[in-house]
Amino acid sequence: MGQQSKKIIKRRRRADYLKRKKEQAKLGGLVKKPAVKKEATTAKKAPAKKAAKKAPAKKAAKKVEAAVEDTAVAETAVAETAVAETAVAETAVAETAVAETAVAETAVAEAAVAEAAVEPSAEA
């Protein structure tokens with residue numbers, strides 16, 4: 001049922017489309033709607049930029065300095081965080097290596113004790 005309905009709708013839409021095209025041809029070809037000009041909006045934005053340039057140099061310099069200081073503070077915070085994270089990671093790696101070495105040494109010592117315990121009984 002759904003496919004037949006879609007087929008009928010497609011045919012009707014196609015017929016309507018062809019009818020509109022014939023009417024446009026009778027009127028003398030394609031009739032297009034006028035496009036919206038974007039230049040008018042850009043022309044309005046240009047004076048706003050000029051107003052920004054008229055600002056005193058001292059205020060602009062202060063804004064730039066403040067932005068640079070904020071950036072420097074943020075970069076310092078990021079660097080300190082990275083150093084702290086690296087130190088924590090290195091400490092964790094070192095602790096893991098020490099723990100693994102201790103476990104390995106303990107295993108070697110236990111193996112040596114086990115071999116020593118086995119040898120005297122073999123002599124007897």
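Reader: How many residues apart in helix 1 are Arg12 and Asp16?
Author: Side-chain values use heavy atoms, with hydrogens and water left out. Helices are DSSP runs of H or I with at least four residues, and strands are runs of E with at least two, numbered from the N terminus. About one helical turn separates Arg12 from Asp16 in helix 1, because their spacing is 4 residues.

Reader: At what N to O distance do the side chains of Arg12 and Asp16 meet?
Author: The structure holds 1 salt bridge, a term that requires a side-chain nitrogen of Lys or Arg within 4 Å of a carboxyl oxygen of Asp or Glu. The side chains of Arg12 and Asp16 meet in a salt bridge, with an N to O distance of 3.2 Å.

Reader: What is the relative accessibility of Asp16?
Author: Residues under 20% relative accessible area count as buried, those over 50% as exposed, and those in between as partly exposed, using a 1.4 Å probe and protein chains only. Arg12 is partly exposed at 49%. Asp16 also counts as partly exposed, with a relative accessibility of 29%.

Reader: How far does helix 1 reach from its first C-alpha to its last?
Author: Helix 1 spans residues 2-26, and its 25 residues give an expected 36 Å at 1.5 Å a residue, the rule being 1.5 Å times one less than the number of residues.

Reader: In which helix of the chain is confidence lowest?
Author: The chain has 3 helices and 0 strands, and its mean pLDDT is 74, with 60% of its residues reaching 70 or more. Where pLDDT is low, the predicted coordinates should not be read in detail. Confidence is highest in helix 1, at a mean of 94, whereas the lowest mean, 56 over residues 39-53, belongs to helix 2.

Note on methods
Residues are numbered from 1 along each chain as its sequence is written. This is a predicted model: local features need pLDDT of at least 70, side-chain atom pairs count only at pLDDT 80 or more; totals for chains, interfaces and linings use all residues. pLDDT is the predictor's confidence in each residue, from 0 to 100.
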